[in-house]
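Here's a quick tour of one protein model, written for someone just starting out. Have a look at the sequence and the 3D view, then read on.

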Amino acid sequence: MDLHLIPGAVATPAERAAIDGVLPAWRAAPGTPAPGTLAPGTRHLLLPALHAAQARVGWITEGALNYICERLSVPPADAYGVASFYALFSLKPRSPLVVHVCDDIACRANGAEAVCQELERQAATPGESVPDGRATWIRSPCLGQCDRAPAALVQSAGNDPSDWTLTGITVDAILATLRGEVPTTADTGASRTIDHVHADPPRLLRRIGVADPERLDAYRSQGGYQALARALEMGSSAVIREVTDARLVGRGGALFPTGRKWDAVARAAALPHYLVCNADESEPGTFKDRVLMEEDPFAVVEAMTIAAFATGCEQGYVYIRGEYPLAAARLQGAIKQARAAGLLGDRVMGAPLRFAIELRRGAGAYICGEETALFNSIEGFRGEPRNKPPFPVQSGLFGKPTVVNNVETLVNVLDIVRDGGATFAAIGTDKSTGTKLFCVSGCATRPGLYEVPFGVTLRHLIDRAGGVRGARPLQAVLLGGAAGVFVGPEEIDLPLSIEGASAAGATIGSGVVMLFDDGVDLRDITMRIARFFRHESCGQCVPCRVGTVRQEEVLQRLGASAASRDRDFALIDDLAQAMRDASICGLGQTASSAVQSAIKTLRVFG
């Protein structure tokens, strides 16, 4: 096949070595005139190869793109379309050290905008290199560090590339980072999140702060792998029955019954079956899965192994957002240790169970949290959603039956298998069983991750978090993240359950509970939400691509003048209806939810 490579573009030896480090060894594919091309079916390695190229020099050069395309037999025009889809990749020359400063809603409520403005004054405009050319900074959407806001992600390319996060950032900390120093706020692996974790009763979070997340023996000393042993004794059908009896539903926001999903894949005749852990936690205000992966990674691996056993999957993938370097490192370490201990591989725990896990890093695309967009990303294509049907249980990853669950959902399975579905179902409410992880941030006195039974009130949770910092008046609460809704202070007695939120016209979503005191400019917050959806729309379908742009334009007009307010409010409603009715996926369908509630419930535009 003539790939139409970019003329004259040649990868450097360093770039070739970095790319070769993540690809299988050279071998000639049948019918090719020269060695160097991988066998068919390796396009799924495109994303790891792009990561490797960028990590070596700080951006993806034309030479590196050519080399990747030769290795994978992908035309450069096609690979360019993939690389340009992701916000963390750069196809233009860029400094080897980049600081991504979050200016999204939780960080915005904690002074991030002032930090960004001061950086523009003292350092450079976003995207421009500081005077020595070795570093730059850019604005970023939510980095999933909302409990420690404001935050930044640092990416350092070179011989020994590394990524790390900065939390509780200041202007001085960012300036020091741009000079090549590592501030004391850097999260390079030694720091822990335990001061931001609260559980009552502790179930999902009980090992955090107790077991060393980097040691398998520490995990096993706290009951680790007892659930997998129990599952192997019970048999796959019994595991699915217990999950069904538990009435466990997805914890990512879709609320689909987990047992029904597992049963459908287990019964599917087509082979092979795949398991995907959706760890692309990108909803603004959400950080629960990050905490689980950073502080209890072996639990994720064990839960995935149980799910694979129950549904007949021999290959699993963890798709983790690219902005989670510590979580990725700890999960990779857990996978390696589990494999060495016989807890992954050809005979798991000595049983006739074969299961392997591969970790795939995203590259900055909110849309890849949508399950079919995630499949496309793993397969080496642009992360655009697919039409449904067919559904993933019928035709998912690589066109095969696929189980997709997020991190929190999977970790719940450990207690269900160990204690029984009925015991799990006795916690919470009839329609919302078990405990739920809530991400409390914004203007809370004690921001952090809270585990509570379904059914407690929003007021109870806010009180657990110490109320509003400084005892200031509560102006509003954002439930469910940017795709959720605002509620006013008079509505905080609503029960935090699926049925309770629904009755109040709200949503629990991914568990975001973001508080705003009376000093926060909610017009600015609403505008940032609209800008987020406009930026994160994949552009595949017209209702979302055009609707998110028009929504932002209308809000800008409302912010500037009230002259056409009634007409603009009606236009917002029309846009929202069109996006809900005709968008391919949930991004467009929920892009107006928070905006409409800000207008109608909080009357932020009058």
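What you're looking at is a predicted model, where local features need pLDDT of at least 70 and side-chain atom pairs count only at pLDDT 80 or more, while totals for chains, interfaces and linings use all residues. Residues are numbered from 1 along each chain as its sequence is written, and side-chain values use heavy atoms, leaving out hydrogens and water.

## Salt bridges

A salt bridge here is a side-chain nitrogen of Lys or Arg within 4 Å of a carboxyl oxygen of Asp or Glu. The structure has 45 of these salt bridges. One of them pairs Arg71 with Asp20, with the closest N and O atoms 2.5 Å apart. Arg71 sits in helix H3 (residues 62–72) and Asp20 in helix H1 (residues 13–20), so this pair ties together parts that are 51 residues apart in sequence. (Helices, H or I with at least four residues, and strands, E with at least two, are DSSP runs numbered from the N terminus.) Arg71 is buried, at 0% relative accessible area, whereas Asp20 is partly exposed at 26%.

Asp289 and Lys288 make another salt bridge, with 3.1 Å between the closest N and O atoms. Asp289 is buried at 3%, and Lys288 is buried at 1%.

Where does Ala106 lie? You'll find Ala106 in helix H5 (residues 105–108), and it counts as buried at 3% relative accessibility. Setting aside neighbours within four places in sequence, Ala106 is in contact (heavy atoms within 4.5 Å) with Cys146, Ala149, Ser441 and Met514. Ser441 is 335 residues away from Ala106 along the chain, yet their C-alpha atoms are separated by 6.6 Å.

Arg207 lies in the loop between E6 and helix H8 (216–221). Arg207 is buried too, with a relative accessible area of 5%. Leaving out neighbours within four places in sequence, the contacts of Arg207 are Tyr219, Gln222, Asp296, Ala299 and Leu414.

## A sheet of six strands

Now for an open sheet: six strands run in the order E6-E12-E11-E15-E13-E14, with mixed pairing. Two strands pair if DSSP finds at least two bridges between them. Strand E6 (197–199) and strand E14 (485–487) stand at the edges with a single partner strand each, so one side of each has no neighbour in the sheet.

Inside the sheet, strand E13 (residues 474–479) and strand E15 (residues 512–517) run antiparallel and are joined by five bridges. Which residue of E15 is the bridge partner of Val477? That's Leu515.

Notes
Buried < 20%, exposed > 50% of the residue type's maximum accessible area, 1.4 Å probe, protein only.
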